[in-house]
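I opened my notebook to record what I looked up in this structure. My entries follow below.

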Amino acid sequence: MRRIIFPLREISTKKRSIFTPRSFSTSAQTSNIHQENEAILNKMPPFDYVPPPYTGPSAAQILKKRQQYLNPAVFHLYKDPLHLVHGKMQYLFDDKGRRFLDGFAGIATVSVGHCHPDVVEAIVNQTKRLQHSTILYLNEAIADFAEALASKFSGDLKVVFFTNSGTEANELAILMAKMYTGCDDIISIRNGYHGNAALTMATTAQSTYKFKVTQSGVHHALNPDQYRGVFGSDGLKYAKDVEDIITYGTSGQVAGFVAEAIQGVGGIKELAPGYLPAVYDSVKKAGGLCIADEVQSGFARTGSHFWGFEGHGVAPDIVTMAKGIGNGIPLGAVVTTPEIAEVLTRRNYFNTFGGNPVCTAAGLAVLRVIEKEKLQENALTVGTYLKERLSNLKEKYEIIGDVRGRGLILGVELVTDRESKTPAKLETAQIMDRMKELGVLIGKGGFFGNVFRITPPLCFTKEDADFLVDVMDYSLSKM
């Protein structure tokens, strides 16, 4: 049966009350709540696009199939699962045609906007010509993208190997570091996340993401956490722990050090100033390679720089990336120097889908859109504005313990007590549900699940930022 889709404004203004009234609520109270919701919903920025009618299975039917056929590890985010069927730039649409402002971007993955026409065109055109061939044959898509990607780096970081994901990219980077140095010891930071394969699970330092399997050769250093860390924002004191690990926990020689410039899964944690330069110096003196994990902070998301590590003034030996690289297409990459890259020629190393022509055509289109539409500048301008507005909320609500991040990779940590910094885990989930019902989608992270992760598409506007903050403000006021 064909569903009827109404214009967006009509959907917004006629939406029912999102909060279930308590049993003792009066009709006047219910009406007042409804009016408040209407006032918030009417603030959503206008958007000149209506998706085509949806005629597929219902949310209940899809959920039933998921529960029957998908691994139980596959979970959904909200109390009532969200059924999304369409996307356009910074907005998503459910099966009923309702519009949502996307403040999460599929975990910082949709970089230039949902279904951006330039990226869609590149994918469709390449798919019509050649969907897959294998890198054993020549194809201009992979070569052109490798050249364009290498141009985003300085120094000798000029050699690219494509993968399918960030996990694969980090796995390969760690392998290369071990092969190049002849050492096995890898140092990573507590609270960091680098993937869920053999080597990356070992470097990931959160028990939530680690299974009971053998994970050897990895040393986890103190997290230079400016909010919860023992040394506050003193990066040099945290860096001393890495020096001590090398001195007392290894032979004095290490394979490498891997870190995110901003911990994404860990709750949008910016590393303390001065930390990375000091650690890079210690690791290089010990013969190790420095690996920059740019899976979430790369591709202009920080606004101030194209890569997160650039904000710390360091020069890594290997850089890994994924997520925003393809705007949602499965794609990752490892960029390193010719000398380090040579180690992969000592054996046959192959990736069936790495460098797929459709994926690399999409990646090249993403780079061009970032440059053409000046999305790095937009991330800085809008991100700075959004962070300022979120910081103002911190002054208003005691539950907000910290606002952090830069550009369009921001975190808001909720606590039940600012002094003890007790995580407000339950409240975080409740507020996210309220925000979803009011048309705003954000993510959550941190070890305790008490941090809002705000990582929207880079085409986000100040008007979008205002709506997100207004919805968060209203949702917080109802706690």
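**Entry 1: a residue in a helix**

Is Thr428 buried or exposed? I looked it up: Thr428 is buried, with a relative accessible area of 0%. Buried means under 20% relative accessible area, exposed means over 50%, and partly exposed lies in between (1.4 Å probe, protein chains only). I noted that the model is predicted, that local features need pLDDT of at least 70 and side-chain atom pairs pLDDT 80 or more, while totals for chains, interfaces and linings use all residues. Residues are numbered from 1 along each chain as its sequence is written, and side-chain values use heavy atoms, with hydrogens and water left out.

Thr428 sits in helix H14 (residues 425–437). Helices (H or I, at least four residues) and strands (E, at least two) are DSSP runs, numbered from the N terminus. I then listed the contacts of Thr428, leaving out residues up to four places away in sequence. Thr428 touches Leu414, Lys444, Gly449, Asn450, Val451 and Phe452. Contact means heavy atoms within 4.5 Å.

**Entry 2: the seven-stranded sheet**

I traced an open sheet of seven strands. Their order is E4-E12-E11-E10-E7-E5-E6, with mixed pairing. Two strands pair if DSSP finds at least two bridges between them. Strand E4 (159–163) and strand E6 (218–221) are at the edges. Each has a single partner strand, so one side of each has no neighbour in the sheet. On average, neighbouring strands here are turned by 20° against each other, direction ignored. Axes are lines fitted to C-alpha atoms, for helices over the stretch in contact, and angles run from 0 to 180 degrees between N-to-C directions.

Strand E7 (residues 256–260) and strand E10 (residues 289–293) run parallel and are joined by five bridges. Phe257 has Cys290 in E10 as its bridge partner.

Which strands does helix H6 touch? Helix H6 (residues 140–150) packs on the sheet and touches E4, strand E11 (318–321) and strand E12 (332–336). The direction of H6 makes about 125° with that of E4. Helix H9 (residues 235–249) packs on the sheet too, touching strand E5 (186–189) and E6. The direction of H9 makes about 150° with that of E6.

I moved to Leu367, in helix H12 (residues 357–372). At 2% relative accessibility, Leu367 is buried. Beyond residues up to four places away in sequence, Leu367 touches Phe145, Ala148, Leu149, Lys152, Phe299 and Phe306. I also checked Ala300: from Leu367 it is 67 residues away in sequence and 9.8 Å away in space, C-alpha to C-alpha.

Lys152 forms a salt bridge with Glu371 (2.8 Å, N to O). A salt bridge is a side-chain nitrogen of Lys or Arg within 4 Å of a carboxyl oxygen of Asp or Glu. This pair links distant parts of the chain, 219 residues apart. Lys152 is in the loop between H6 and E4, and Glu371 is in helix H12. Lys152 is partly exposed at 21%, and Glu371 is partly exposed at 43%.

**Entry 3: a hairpin with charged residues**

Six of the seven residues of strand E13 (residues 400–406) are buried. E13 pairs with strand E14 (residues 409–417) in the antiparallel sense, over six bridges. Val403 stands opposite Val412 in E14. Two residues lie between the strands of this hairpin, and Gly407 takes a positive phi near 60°.

Which residue forms a salt bridge with Glu413 at 2.7 Å? Arg228 does, by the closest N and O atoms. Glu413 is in strand E14 and Arg228 in the loop between E6 and H9, 185 residues apart. Glu413 is buried at 2% relative accessible area, while Arg228 is partly exposed at 30%. The side chain of Glu413 also meets that of Arg404 in a salt bridge (2.8 Å, N to O). Arg404 is buried, at 7%.

I also noted one network, in which salt bridges with shared partners join Lys43, Arg389, Asp466 and Asp470. My search of the whole structure gave 17 salt bridges.
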